[in-house]
Amino acid sequence: MTDVRQRLFALREEPFAAFQRRLIPTVAPERILGVRTPAIRALARALDGTPAAAAFLCALPHETFEENQLHAFLIERIRPFDQALAAVEAFLPFVDNWATCDQLVPGAFKKAPGELLEPAGRWMDSQHVYTVRYGIGVRPRRSASPRCALRNTMCA
């Protein structure tokens, strides 16, 4: 068991795991440890920039829901847009639930919303349901004015 996984196991709560299993039916019950999101975010902050974080980001696929959450939260901390985009692209095929998909919000994307139009379009054309969901979600919440963009597309 990796050090990262051991740290996640130490944070698990079985009653919370039972609750999460009902919320996330696309994840096998045995893959949900029951670690609360604030604790996973705190672990991401602690690991950020370490060799352990770099190794963890390269170790796909992960075995647990919480490892996927941690992966998403580590990606959020990547500052350069191109690196964040590459990390998202590498991770999206492994996203298997709505929670991980919807909580993957890299800060680098906020600074360059126009740069997301092309990748979002590609993601929306994917055969993978959560990649499509991510593309749909990232486009409007990142565009400076999604209504204007939609209106210009529809009225052109």
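Among contacts in the protein between residues at least 6 apart in sequence, what share joins residues at least 24 apart? The share is 66%, where contact means heavy atoms within 4.5 Å. The model is predicted, so local features need pLDDT of at least 70 and side-chain atom pairs count only at pLDDT 80 or more, while totals for chains, interfaces and linings use all residues. Residues are numbered from 1 along each chain as its sequence is written, and side-chain values use heavy atoms, with hydrogens and water left out.

The protein contains 11 helices and zero strands; helices (H or I, at least four residues) and strands (E, at least two) are DSSP runs, numbered from the N terminus. Of the 156 residues in the protein, 40% are buried. Buried means under 20% relative accessible area, exposed means over 50%, and partly exposed lies in between (1.4 Å probe, protein chains only). The protein exposes about 8,500 Å², of which carbon and sulfur atoms supply 58%; accessible areas come from the Shrake-Rupley method with a 1.4 Å probe, and for residues only the protein chains shown count as cover.

Phe19, Leu23 and Trp98 make a nonpolar surface patch of about 280 Å². Patches are made of residues with over 30% relative accessible area and no salt bridge, like charges being joined within 9 Å and nonpolar side chains (Val, Leu, Ile, Met, Phe, Trp, Tyr) within 5 Å. Leucine 23 belongs to helix α2 (residues 14–23) and, with a relative accessible area of 41%, is partly exposed.

Asparagine 97 is located in the loop between α6 (81–91) and α7 (98–103). Its relative accessible area is 0%, so asparagine 97 is buried. Apart from neighbours within four places in sequence, asparagine 97 contacts Ile24, Thr26, Val27, Phe65 and Tyr130. The side chains of asparagine 97 and aspartate 96 are joined by a polar contact of 2.8 Å. A polar contact is a pair of N or O atoms within 3.5 Å; within protein, one must be able to donate a hydrogen and the other to accept it, and residues adjacent in sequence count only if both atoms are side-chain atoms.

The structure holds 10 salt bridges, a salt bridge being a side-chain nitrogen of Lys or Arg within 4 Å of a carboxyl oxygen of Asp or Glu. One of them pairs glutamate 13 with arginine 36, with the closest N and O atoms 3.1 Å apart. Glutamate 13 lies in the loop between α1 (3–10) and α2 and arginine 36 in the loop between α2 and α3, so the pair ties together parts 23 residues apart in sequence. Glutamate 13 is partly exposed at 31% relative accessible area, and arginine 36 is partly exposed at 40%.

Aspartate 48 and arginine 77 also meet through their side chains in a salt bridge (3.2 Å, N to O). This pair links distant parts of the chain, 29 residues apart: aspartate 48 is in the loop between α3 and α4 (51–58), and arginine 77 is in the loop between α5 (65–76) and α6. In a further salt bridge, the closest N and O atoms of arginine 122 and glutamate 89 are 2.7 Å apart. Here arginine 122 in helix α9 (residues 117–124) is linked to glutamate 89 in helix α6, 33 residues apart. A network of salt bridges links Arg5, Glu63 and Glu67.
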